[in-house]
Amino acid sequence: MPSPHPMRAFSLKPSWRCLSLCLSLAFPAGALAQHKPGEVIIERGAVELEPGTRVSYELGTLYVPENRRKPESRLIGVGFARIKAPRPTGAPPVFWLPGGPGLSVLGSLIDDDAAGKGRLRSWLTFGAVGDLVVLEQRGFTRRGEMLEASSDAMLLDRPGSAQVEAQAMRSLARRAIAENPGKDLSGYDITELAADVDALRRALGYQKVSLFGGSFGSQWSLAVMRLHPGIVARAVLSGVEPLNNGYDMPSDVFAALQRIAYDADRDPGLEPYRPAGGLMEAVRTLHRRFATGPVRVQVRDDAGGGQTVVLGAEDLQLALNSHTQEGEQWPAFILSLYHGHYAGWAREVIADRAAGKTKLIGPLIDSSLGVTAEREHLLRTDPATELLGTWNFEANIASAPDWPTRDVGDALRKPLPSAIPVVFVHGDWDTSTPIENTLGLLPYFPNGRAILVHRAGHDGAFYLLRGEPAAKEAVYEFLKTGKTAGLPHEVTLPVPRFALPSFTAPAAGETSSAGAPSP
């Protein structure tokens, strides 16, 4: 994308630097042949965050082999940004690794939107620690390639199925290879992403780095610590996803839902909508209801037309983990279904079943990383699969042989002791990476500390850093010096204001007949 700010570009190699004028942020066509592995191109610019407040930054491209295991591999570009500390601190730089896989964040510097400005403001706070370097993921970066493949629409006239989704994922893998000729998709696994971090560290001249990552960014960080332990000074990880936990244990997810339900069952605004047994009784009732057969739901679109979708027991399993990114929204969604108000859910399913584009970096990494055979057994025999199904892992496990990325092996997946100091921050309302992930990993880090955030969801660290100034200062002091004094063991967020269903509460003991399944 063209930049509104003229920029000075330079190329860094181990022993020389050249300067030239550059006016564009676009990835230069035909430029790959001009570069060497490990080389970076950096463009300097500034953005006005607030009137009178300009933020200087560097936006760059790191050139790396697409597949380091193949000497003849082509070069690809991976985008990064650096915001230098206002004053030198002597601390290692913080390498901020995005989540996803498939989260592109460099638009925060060049796009004029509220979300980008909010992220940029959070980046600036790291200046108290030292330089901040943000590295995007190979295969989904605005400074290189954003690999995608088209996915087919799923039928609306029959219930959803994890097995059908698995077959669709297998077809997607074959299509991805066909739609990306000349690209070596086998080079997009977590070991290559970890090596990209080390390559950027060397190119920028840092001896060691500290890591900051949430969700997949934490998993990426754990891979760096396993494969390149000597370069990591310390790390702060949130929404922790261990290398063997890419697929969540259903019971751990369900436990997070139960914790949300505990507070929702005490919310006076939700009281007229709740059954006598509370939110979990609503879940059990829905499970029994859909076990008797699917429902057909007709909805109107914005143009006034109508669409009908069939929703079945497995659609419900998938839906039970919907609307949990912000826990205060989930009870209203579940209670709406309990009372037979399916229209909003139906619109979401229709959108989800439509044809579209899939970011390839996600299934390429996930199918390669996989899980150990022991964990797969636990996943499939977990008692909560009856309520949540196998959606979380079925498609990736079934399609793993179809994706070209290699199986990284159990030696990488299984945790090993590490002396690297790490602060783990995890919310107990997190249904994307349950808090049990951190509790299970912590014993392997004798210099680790955990901050458990009650009522925080998937972005627990960011809840903590936004709303707890003392904890935020202590986390930054840890990143800067390694000191752990002042780090809390637990933070409790206030009970949120739960959203209410969009319809008038029924009279006592009344449930809408719309909940009955179709014949």
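**View 1. D410 and R413 both lie in helix 15 (residues 410-413), three residues apart, or about one turn of the helix.** Helices (H or I, at least four residues) and strands (E, at least two) are DSSP runs, numbered from the N terminus. D410 forms a salt bridge with R413, and the closest N and O atoms are 2.6 Å apart. A salt bridge here is a side-chain nitrogen of Lys or Arg within 4 Å of a carboxyl oxygen of Asp or Glu. D410 is partly exposed, with a relative accessible area of 33%, whereas R413 is buried at 4%. Buried means under 20% relative accessible area, exposed over 50%, and partly exposed in between (1.4 Å probe, protein chains only).

The model is predicted: local features need pLDDT of at least 70, side-chain atom pairs count only at pLDDT 80 or more, and totals for chains, interfaces and linings use all residues. Residues are numbered from 1 along each chain as its sequence is written, and side-chain values use heavy atoms, with hydrogens and water left out.

View 2. A search of the whole structure finds 28 salt bridges. In one of them, the side chains of E145 and R74 meet at 2.8 Å, N to O. R74 is partly exposed, with a relative accessible area of 24%. Salt bridges also link R68, R69, R138, D189, E192, D196 and R406 in a network.

**View 3. Helix 3 (residues 162-179) has 18 residues.** From its first C-alpha to its last, helix 3 reaches 25 Å, close to the 26 Å expected at 1.5 Å a residue; the expected span is 1.5 Å times one less than the number of residues. The buried residues of helix 3 are A162, A166, M169, L172, A173 and A176. They cover an arc of only 110° around the axis, which puts them on the same side of helix 3. The arc is that of the directions from the helix axis to the C-beta atoms. These buried residues pack against strand 8 (148-151), helix 8 (313-319), strand 13 (356-359), helix 11 (361-369) and helix 14 (394-399). The side chain of R175, in helix 3, meets that of D152 in a salt bridge (3.0 Å, N to O).

**View 4. Strand 3 and strand 4 (residues 53-65) pair in the antiparallel sense over ten bridges.** Two strands pair if DSSP finds at least two bridges between them. Strand 3 is mostly covered, with eight of its eleven residues buried. The bridge partner of E50 in strand 4 is T53. The hairpin has two residues between the strands, and G52 takes a positive phi near 85° there.

**View 5. V310 is found in strand 12 (residues 306-311).** V310 is buried, with a relative accessible area of 5%. The C-alpha atoms of V310 and R158 are separated by 5.2 Å, although the two residues are 152 residues apart along the chain. Leaving aside neighbours within four places in sequence, V310 is in contact (heavy atoms within 4.5 Å) with residues including L156, R158, P294 and R353.
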